[in-house]
Amino acid sequence: MRAIRLRPLSIGALALLMFAETAAAQTQSSAILNTLEVQELVTRAQPGDHARLSAHFAALAERYTADAKQHTAMAQAFIGSPIQRIAAERAADHCRRLAQLNTQSATTLRELAAHHDKLAAGTPATAPRAGARFEAGAGAATPSDEALRQLAAKASTSADHRALEEYFVTQAKRYTADADEHVTTAGIYRSTGFAAAASACDRVVKLWRDAAKEASAAAAQHKDLAGSASKRQ
């Protein structure tokens, strides 16, 4: 009886959370830059660039705050679900840790937004210590096919290849994070008796791990090309 009641509860809760996340992303997407844009603006560092970066990091902070609220809601839902108490507490603990990490990221992003806002106004400022990964493109949108095509087509200078290297490094980290997230999800499914769903997550983990390896290899190639281009310049 428990398994029969659990399935609609889990799917319904997850569907509601996915809908909320999609709606939040749609309302916040206008200010969020893609990884290539972030890297370009950070490198160029003109007042207008800092203003755009400030808006980008502020929007990302709101998105991470929304994610934290969603994971907190999931933790509460697991505790109230009809699964075994130990399994429910374990699943809820995963969600609480995710919410904590989301909240920490949101705090760093707000500090980073304030930092670039000061730079845009010509005021000296010190970047938050944990902000480097976001200035490298973490959390940013994936560049469009056209943007990547244009960069790949004109890539000849060291700066071009460095930008592509950073892009693929960011992608590798993203794929690795996605794989790790599905490892956690697979563990939750196993603890609650959904072996088939856990196996499906395992297959997704392998795909993300393979993608991370390919992205890392591409980053290494562009690093070499950047070095070669630098010698020619």
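Trainee: Hi! What kind of model is this, and how are its residues numbered?

Mentor: Residues are numbered from 1 along each chain as its sequence is written. This is a predicted model, where local features need pLDDT of at least 70, side-chain atom pairs count only at pLDDT 80 or more, and totals for chains, interfaces and linings use all residues, while side-chain values use heavy atoms, with hydrogens and water left out.

Trainee: Great. How many helices and strands are there?

Mentor: The chain has eight helices and zero strands. Helices (H or I, at least four residues) and strands (E, at least two) are DSSP runs, numbered from the N terminus.

Trainee: And what share of the chain is buried?

Mentor: Buried residues account for 36% of the 233 residues. Buried means under 20% relative accessible area, exposed means over 50%, and partly exposed lies in between (1.4 Å probe, protein chains only).

Trainee: Let's zoom in on α2. Which of its residues are buried?

Mentor: Helix α2 covers residues 35-44, and T35, L36, V38, Q39 and L41 are buried there. Their cover includes α3 (47-79), α5 (132-135), α6 (145-154) and α7 (158-191).

Trainee: What sits at the ends of α2?

Mentor: N34 caps the N-terminal end, with a side-chain oxygen 3.0 Å from the backbone nitrogen of L36. After α2 comes A45, which has a positive phi, near 55 degrees.

Trainee: New topic: the largest nonpolar core. Which residues touch the most other members?

Mentor: Those are L53, F57, L109 and F134, in a core of 17 residues. A nonpolar core is a set of buried Ala, Val, Leu, Ile, Met, Phe, Trp, Tyr and Cys residues joined through side-chain atoms within 4.5 Å. Helices α2, α3 and α4 (85-120) each give this core at least two residues, and α3 supplies the largest share, six residues.

Trainee: What does F57 touch?

Mentor: Leaving aside residues up to four places away in sequence, F57 touches L109, L112, A113, H116, F134 and E135. Contact means heavy atoms within 4.5 Å. There is also a second, separate core of seven residues, including M74, F78, A91 and C95.

Trainee: You mentioned C95. How many disulfides are there?

Mentor: The search of the whole structure finds zero disulfides, a disulfide being a pair of cysteine sulfur atoms within 2.5 Å. C95 is buried at 4% relative accessible area, and C201 is buried at 8%.

Trainee: What about H115, buried or exposed?

Mentor: H115 counts as buried because its relative accessibility is 8%. It is found in helix α4. A polar atom of the H115 side chain lies 3.4 Å from the backbone nitrogen of A127. H115 also touches A125, T126, A127, P128 and E135, again not counting residues up to four places away in sequence.

Trainee: Last one: how many aromatic pairs does the structure hold?

Mentor: It holds four. Rings of Phe, Tyr and Trp (its six-membered ring) pair if their centres lie within 6.5 Å; planes under 30 degrees apart count as stacked, over 60 as edge-to-face and the rest as tilted. One of the pairs is Y64 and F134, edge-to-face at 5.9 Å centre to centre, with 80 degrees between the planes. Y64 lies in helix α3 and F134 in helix α5, so this pair ties together parts 70 residues apart in sequence. Both Y64 and F134 are buried.

How values were computed
Polar contact = N/O pair within 3.5 Å; in protein donor to acceptor, adjacent residues only side chain to side chain.
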